[in-house]
Amino acid sequence: LDPRFSRMLIEAAEQGILRDTAVIVSVLTIQDPRDRPQGEEDKADSAHRKFLDPESDFVSLLNIWEEYHQVWRQVRSQGRMRKYCSQNYLSYRRMKEWRDIHLQVTSLLKEQGYEIKAPVLSRTAEKKGEPSPWYTALHISILTGLLSNIAEKKEKNIYTAARNREAMIFPGSGLFGKGPSWLVAAEMVRTSRLFARTCGGIEPAWLEKIATGQC
């Protein structure tokens, strides 16, 4: 594994959220499973809307994973899964690749003695306006491997990233148009401009904790 992803998994084990982070790490090793064909962006965005989490694209990916497996348990048919993926603008090939890599990652973790179980952390925030313990643990784990991809809001969808780069939230993101004050991105991709892709809102206080080893 990429050392950044290994670092996420080690932190996730300490945070008690290894199962969900293993799913995220697995999908970050492949091309985004969501299809957004040229000329069909609006249709794709509409199909993906049911998966979207307004605070984090990482959670949106978990939502895709959970629904995909829920549908699979119901239909148990490769043909029907292909149809499901097509209707929801998901790449059947990349979804299969995601599953295969996840199996490899979890097998490696088990060989190293890690226990992969459902997190017991609450998804309900303790105080209004604050992230839940589950969200906090997940994103602290992600942050440990992606510290070079943090960014602070400048205006609407425009952010100041590390090394004084200006990045824009990718239009297909669930955070587009309502981005948080601070975010972490899975990657910074330059096409027509620099885009922050697969983003999650973070608290700046988490950065200090990570830097001082107090997570």
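In which helix do E97 and R93 lie, and how many residues apart? In this predicted model, both belong to helix α6, with a spacing of 4 residues, or about one turn of the helix. An α-helix has 3.6 residues a turn, so residues three or four places apart point the same way. The side chains of E97 and R93 form a salt bridge, 3.8 Å from N to O. R93 is exposed, at 53% relative accessible area. E97 is partly exposed, at 31%.

The structure contains 12 salt bridges. In helix α1 (residues 3-15), E11 and R7 are likewise 4 residues apart, about one helical turn. Their side chains meet in a salt bridge of 3.4 Å, N to O. E11 is buried, with a relative accessible area of 4%, whereas R7 is partly exposed at 34%.

Another salt bridge joins E166 and R193, with the closest N and O atoms 3.1 Å apart. E166 sits in strand β3 (residues 165-169) and R193 in the loop between β4 (182-190) and β5 (194-201), so the pair ties together parts 27 residues apart in sequence. Both residues are part of a salt-bridge network that also includes K154.

The largest pocket holds about 330 Å³ of space. Its lining comprises 15 residues, with R19, V23, W65, H69 and H102 nearest the centre. Helix α6 gives the most to this lining, with 6 residues. By class, the lining residues are 5 nonpolar, 3 polar and 7 charged.

Helix α7 is mostly covered, with 12 of its 13 residues buried. The buried residues include W134, Y135 and H139.

Definitions and conventions
Residues are numbered from 1 along each chain as its sequence is written. This is a predicted model: local features need pLDDT of at least 70, side-chain atom pairs count only at pLDDT 80 or more; totals for chains, interfaces and linings use all residues. Side-chain values use heavy atoms; hydrogens and water are left out. On a 1 Å grid over the protein atoms alone, a cavity is a set of points where a 1.4 Å probe fits but cannot get out, and a pocket is an open set with protein on both sides within 12 Å along at least five of seven lines; lining residues have an atom within 4 Å of a point. Grid points are joined across faces, edges and corners, and a volume is the space filled by probe spheres set on the points. Helices (H or I, at least four residues) and strands (E, at least two) are DSSP runs, numbered from the N terminus. Ala, Val, Leu, Ile, Met, Phe, Trp, Tyr, Cys and Pro count as nonpolar, Asp, Glu, Lys and Arg as charged, and the others, Gly among them, as polar. Buried means under 20% relative accessible area, exposed over 50%, partly exposed in between (1.4 Å probe, protein chains only). A salt bridge is a side-chain nitrogen of Lys or Arg within 4 Å of a carboxyl oxygen of Asp or Glu.
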